[in-house]
Amino acid sequence: AGVAALLWTHFPQCTNNQIRNAMIQSSREPPSEPRNTAGWDKYYGWGIVNAGDAYELLKQGCEVAGGATDPPEGGELHDLALGGKDQKNVGCTTDAHCEQGNPCLGEFVCNAGTCEQVAGSAPVCDDGLKCTIDTCDPSKPYDVLTDLCVFTPKPCEDGNKCNGIRDCDEATGNCYEKESVVDCNDGNFCTTDTCNPSTGVCSNTAVTCNDNNACTLNDTCDPAVGCIFGQPQADCCGNAECEADETETTCPLDCGTSLTTSFDTSIANRVELGPMFDIATKAKNLTIAGFDLNCYVPGGIESKVFVYSLPGGNYGDNGNWHTKSRWDKVLETSISCNGFGTPTFVALAEGVAVPKNSKHSFFINIYTDSSATGYWFHKSMYPPSGKTARYSPLDEDSYLQIQTGSGNYCISGFCAMISPRRPAITIHYATINDSPTTSPTISSMPSTPVPTFTPTTKPTPLPTTLAPTPVPTATPTPAPTSTPTATPSTAPSESLAPTPFEPMQVTIASPPTNGAHIVPSYYFDVQGGTVDSILTNMKITTYASSQAITVFAKRGTGKQSEGTPCDWELVAETAVQSTGYWKTIYPNWTNGFKPVELFAGETISLHVTSTGRLLGKYSGSSSLKYNTAFMTTPSTHTLPGTKLFHGSYGKSGMFKNYPSYYSARTFMGALDFETVAPGSTMSPTSAPTAKFSPNQVESTGADTLTEATSQGIQFDIHADSSAIILRKLNMLVEAGSHFVEVWYRNGSYKGSSSGCAHHNNWCNQWTKAAGGDITSTGGLTSSPALSILVSPGQTIGLTVVFPKAGLVVGGGVGENSSDGVLTIVAGGAAVTDYYGNEVNSIHALNESESVTFKGVIDYDVANSFCASISAQNGVMSDVDDDEPDVTGDDITNPDGPDGDGDGAGGPMDGDGPMDGYGDGFDSLS
């Protein structure tokens with residue numbers, strides 16, 4: 001009021017209505033804090049007045065804030081306004097108030113206080129072509145309205161001509177592959193084959209064959225196999241032979257027995273629990289005898305070292321780094337670290353044999369028995385420029401090469417890895433000739449005699465001659481003299497039945513990937529190839545320690561059915577189970593996986609949901625959804641031509657999909673199929689169609705109770721035997737117009753949990769189901785429409801709020817009212833004071849002053865599982881304006897996808913990621 005008076009002294013020519021509107025139009029939102037709730041609240045009302053902004057607004061004219069300068073004929077000034085918080089919604093008084101300033105929106109005129117568009121005043125931009133995007137540009141000069149239209153060709157190209165040429169199908173508006181992906185492979189191993197993205201032109205550049213070894217001459221290239229390096233010359237340091245005139249000092253390349261990585265103690269400041277790296281042998285067999293480690297552990301703390309070995313190398317591919325079962329533990333022993341810069345020798349008692357010209361992986365893990373969380377025990381450093389890629393050669397001699405590796409950040413090992421790293425390490429080894437005359441001597445290796453084998457029995461010798469089959473002595477039966485006419489009395493004993501069909505089990509896995517996006521649920525299509533098959537199971541890639549997973553299927557594409565549960569059929573579900581981070585698993589289906597038939601050329605759609613987090617590949621533009629296959633099985637496949645399509649994703653739960661313009665996602669996992677005998681018939685099961693049966697229950701127990709008006713009531717209802725959906729509350733309401741809200745919570749409105757009272761919303765336990773104005777003649781009056789699902793056996797609390805009173809309730813506890821399906825529980829609490837979203841602001845319930853709901857509840861019985869899902873709030877698409885930030889949920893499996901088919905595609909031990917060390921190389925975050 002004080003601000004209004006101040007403004008009126010400056011603008012006495014304005015009306016009270018205009019002053020109020022100026023204050024409302026210039027108000028600002030209160031600060032973001034727990035007391036500030038959406039809409040009105042008792043602390044800030046509808047906003048905070050800004051006197052300065054209101055002054056600037058009125059300087060432009062009294063009518064700028066809304067409201068007429070003069071009263072309309074036959075009425076008063078305030079008739080143009082709605083009053084209260086809606087004072088600024090005064091409508092229009094002249095056509096000028098309706099100006100849009102945008103010719104694409106058309107012309108508007110004022111009609112009885114409402115702005116209405118003049119028919120035909122807005123341009124209709126539609127060229128009738130499916131391959132153009134039709135828009136309107138208000139900035140264009142025009143003579144006729146259609147001059148404002150802009151028809152932009154639909155973009156199908158990605159700008160990379162090496163990916164082929166894509167065009168738009170005029171009949172469907174879908175993008176298709178007009179020209180195939182450019183194949184630059186010339187089949188010549190002596191060329192490097194590349195494609196220019198801007199032109200799509202191939203380049204086949206000759207490779208240079210040079211092993212940079214002065215001891216090999218005449219390095220050449222064979223188009224069939226690639227580079228061929230000459231034989232090492234004698235009397236040359238670097239020929240992998242420690243010759244008579246060479247020593248470890250004069251020729252460490254050939255005469256050394258260890259290899260140390262080049263690291264600088266002043267800058268080797270990266271720390272981890274241990275290194276993971278590959279070595280590559282050359283022309284000699286080697287035995288790895290031990291390592292010098294640059295480790296440090298604070299004094300007095302016991303520690304252990306574990307060494308794991310992986311023949312074949314490539315520790316970072318195919319899930320090797322997190323699949324413990326693939327590694328051999330070759331050492332577990334206590335260790336006393338000497339500190340960084342003073343190597344600590346770790347001997348491999350039996351050595352690790354590595355054949356010549358092969359790769360081998362090692363993983364060294366160091367931790368304490370007492371507490372591993374406070375210490376990082378091994379030093380490393382970033383690789384030099386040009387060697388940052390995993391497996392890049394770091395240091396080498398004539399026999400051995402150490403390659404760029406990674407560091408372990410996971411206490412249990414095998415679950416989090418960082419790249420790239422140059423380990424600060426020395427490898428001790430012995431060279432072994434192909435046919436050694438003496439066994440190699442390694443001080444830390446016990447001598448082992450060469451085993452001999454003596455067969456226990458001699459095989460029976462084969463005969464040197466084969467006796468011929470004796471000539472038969474019996475006289476042969478004479479030939480018949482006449483042709484027989486009788487039918488044979490017995491059928492031939494030899495069966496002519498065809499070989500029984502044996503169905504084959506076939507798995508189609510999604511392409512491997514190093515990156516993924518967290519998706520609580522997703523949809524995607526599968527199209528059959530040239531033969532019929534049956535989908536029998538699924539492997540799903542997860543990203544949560546535990547969750548429940550459900551799978552739905554439908555015939556045909558899922559594009560138009562994402563928010564329609566009754567178009568789908570439940571085929572598999574689990575209870576909450578351990579799943580793991582970045583693991584590709586067969587879920588433990590509660591009742592198995594219901595087979596889904598897939599006919600040749602037919603499309604089915606799958607919807608996978610979870611209560612936790614799954615992984616899907618970020619695919620890009622929403623135009624890919626259901627239109628573009630991300631993989632097709634080749635013609636040589638058991639199920640040739642089977643396609644998996646890009647799909648969409650949604651929130652946690654069932655059928656809670658995002659809007660269609662959100663970007664596409666790709667399924668990560670595998671589908672198991674069973675082949676079908678040719679000529680067999682399959683009858684697909686149709687999706688359920690039965691939905692709801694309407695019903696009512698009346699609160700008969702309150703008839704004799706004293707009536708009173710209230711600001712609202714809280715009471716419980718209970719679903720006895722079926723899933724039900726609340727549709728409407730028919731309440732006794734005083735005559736007049738009322739604003740009403742209906743809220744609900746899972747569980748009773750009574751009691752408390754986790755320090756939060758259930759009857760109020762101070763802990764955000766309640767959900768608003770509906771709100772709006774109603775008009776009553778004094779009898780039963782319906783609430784706004786509801787859609788609240790109550791599962792069988794579930795109790796929920798309801799709050800009906802009348803902020804300005806007017807609800808008629810019964811005084812006293814009363815009795816339960818039930819029709820055998822839904823029970824209105826006796827005894828409720830009055831809403832004594834209503835502060836916005838707090839539902840009921842009283843601090844403690846006084847159950848001795850109970851009140852009872854008086855009225856009738858309309859509800860539906862859900863006759864099917866899909867019907868109960870359909871009733872859930874939030875099933876249909878959200879109306880968010882912006883897609884969630886991709887990078888916010890984007891994660892990386894930095895060292896290769898699972899791809900090994902063992903269901904262990906993620907952190908090996910289920911401990912989750914170690915994230916948050918801030919060096920930019922955390923594997924999972």
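Let me begin with a convention: helices are DSSP runs of H or I with at least four residues, strands are DSSP runs of E with at least two, and both are numbered from the N terminus. On that basis the protein chain has 6 helices and 55 strands. Please keep in mind that this is a predicted model, in which local features need pLDDT of at least 70 and side-chain atom pairs count only at pLDDT 80 or more, while totals for chains, interfaces and linings use all residues. Residues are numbered from 1 along each chain as its sequence is written, and side-chain values use heavy atoms, with hydrogens and water left out.

Of the 925 residues in the protein chain, 43% are buried, where buried means under 20% relative accessible area, exposed means over 50%, and partly exposed lies in between, with a 1.4 Å probe and protein chains only. If we take contact to mean heavy atoms within 4.5 Å, then among the contacts with a separation of 6 or more, 74% are between residues 24 or more positions apart.

Now to the helices. Two packed helices are described by the angle between their axes and the distance between the axes; here the axes are lines fitted to C-alpha atoms, for helices over the stretch in contact, and angles run from 0 to 180 degrees between N-to-C directions. The axes of α2 (residues 16–25) and α3 (residues 51–59) come within 8 Å and cross at roughly 125 degrees. The two helices are therefore oblique to each other, given that angles under 35 degrees count as roughly parallel, over 145 as roughly antiparallel, 65 to 115 as roughly perpendicular and the rest as oblique. On the α2 side, Q18, I19, A22, M23 and Q25 meet A54, L57 and L58 of α3. By class, this contact has 6 nonpolar, 2 polar and no charged residues, with Ala, Val, Leu, Ile, Met, Phe, Trp, Tyr, Cys and Pro counted as nonpolar, Asp, Glu, Lys and Arg as charged, and the others, Gly among them, as polar. Within α2, the residues N17, Q18, I19, N21, A22 and M23 are buried, and what covers the buried residues of this helix includes α1 (2–10) and α3.

Helix α1 also packs against α3, at an angle of about 30 degrees and with the axes 11 Å apart, which makes α1 roughly parallel to α3. In this pair, V3, L7 and H10 of α1 meet A51, A54, Y55 and L58 of α3, and the residues divide into 6 nonpolar, 1 polar and no charged.

Turning to the strands, two of them pair if DSSP finds at least two bridges between them. An open sheet of 4 strands has the order β11-β24-β14-β17, with antiparallel pairing. Strands β11 (258–260) and β17 (344–354) stand at the edges with a single partner strand each, so one side of each is left without a neighbour in the sheet. Inside this order, β14 (residues 285–293) is joined to β24 (residues 425–432) by 8 bridges, and L286 has T431 as its bridge partner in β24.

How many residues of strand β54 (residues 855–862) are buried? The count is 8 of the 8, so β54 is largely enclosed by the rest of the structure. G855, I857, Y859 and V861 point one way from β54, whereas V856, D858, D860 and A862 point the other way. Strand β41 (residues 724–732) runs antiparallel to β54 and is joined to it by 7 bridges, with N730 bridged to V856.
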